[in-house]
Amino acid sequence: GSPKYRFLRHQGLRPTRKLPDALIIGVKKGGTRALLEFIRLHPDVRAAGSEIHFFDRFHDKGFQWYRHHMPPTLEGQLTMEKTPSYFVTREVPQRVHEMNPATKLLVVVRDPVTRAISDYTQVSSKKPGMLRFEELAFLNGTGGSGLVDTSWGPVKIGVYARHLERWLHCFPLEQMLFVSGERLIVDPAAEMARVQVWDFLGLKQVITEKHFYFNSTKGFPCLMKSEGRSTPHCLGKTKGRNHPNIDTAAVERLREFLPPI
Ligand code: A3P
């Protein structure tokens, strides 16, 4: 921009939109919304609130389009975005690398079997009358004895190593941070401490226990306040759903195929 514009920006007076420095790339149903909402508590982080899907759906719209979907930031603030389908979409690692090979990547991982059930729960909430989980997860539909249907989305997404391999063709492992979806629930402050001390983000430790309280009605940690709201609130109704009971033999069989991380 012009010298005046650069001056104002330098003084921290002129917010501008930048391409993201860090991305939450997945995994779907891992706890990606929780991580995004928690990290946005940090004064040096600004994030897009919705999933932009630039690298998987709207790549042909170009970087200018993408940048305009980012929030305005001041000098020194990190820009972030989360779209969980990035992790599993073939073309995405190369495209992110083309934008900026120094992009920091965050992945929320969760036990892949629970993740599959969570994924199924979400899909079936939108499609009443869907077959049972056990019938969809196995090829012959019998559950406990059948072959795992690896082409079924909820299973396929959980083969983390396969997707990760593609990312590692483009980015060094050190540039990726794996956040535990389980720990984000049982001890959000401790997991957020890990995120904040991660050198690549270079954040000060600001998010602590004080930001969270456990809401026993919801059964999940909730926020005391956030950028948008000064009163206590939880994530939306679609986060922290009740899962259906799945036949134990089917869970065990699936667990052999999708070992815990
Ligand atoms: P369930 O709804 O199956 O329990 P994502 O945001 O990636 O779609 O992940 C959704 C999952 O985030 C939820 O799956 C839930 O288990 C988890 N989660 C983690 N922290 C949460 C929180 N504080 N409130 C609600 N859900 C949370």
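Me: Which residue is the bridge partner of L105 in β7?
Reply: That's M176. Keep in mind this is a predicted model.

Me: What makes β6 and β7 a pair?
Reply: Two strands pair if at least two bridges are found between them. Strand β6 (residues 104–109) and β7 have five bridges, in the parallel sense, so they count as paired.

Me: Why are β3 and β7 called edge strands?
Reply: The open sheet runs β3-β5-β2-β6-β7, with parallel pairing. β3 (45–47) and β7 (176–180) each pair on one side only. On average, neighbouring strands here are turned by 25 degrees against each other, ignoring direction.

Me: How do you know that α2 packs on the sheet?
Reply: By its contacts: α2 touches β2 (22–26), β3, β5 (78–82), β6 and β7. A contact here means C-beta atoms within 7 Å. The direction of α2 makes about 160 degrees with that of β2.

Me: What surrounds the ligand, and which residues are the closest?
Reply: There are 19 residues around the ligand, and T32, R33, A34, S118 and G240 are the closest. Elements giving two or more residues to this shell are α2 (32–39), α5 (112–126), α9 (181–186) and β9 (220–223). α2 gives the most, with three residues.

Me: How do the residues of the shell divide into nonpolar, polar and charged?
Reply: Eight are nonpolar, six polar and five charged. Gly counts as polar, so G240, one of the closest residues, goes with the polar ones.

How values were computed:
Residues numbered from 1 in each chain as written. Predicted model: local features only at pLDDT ≥ 70, side-chain atom pairs only at ≥ 80, totals over all residues. Near = placed C-beta within 6 Å. Helix = DSSP H or I, 4+ residues; strand = E, 2+ residues; numbered from the N terminus. Axes fitted to C-alpha atoms, helices over the stretch in contact; angles between N-to-C directions. Contact = placed C-beta atoms within 7 Å.
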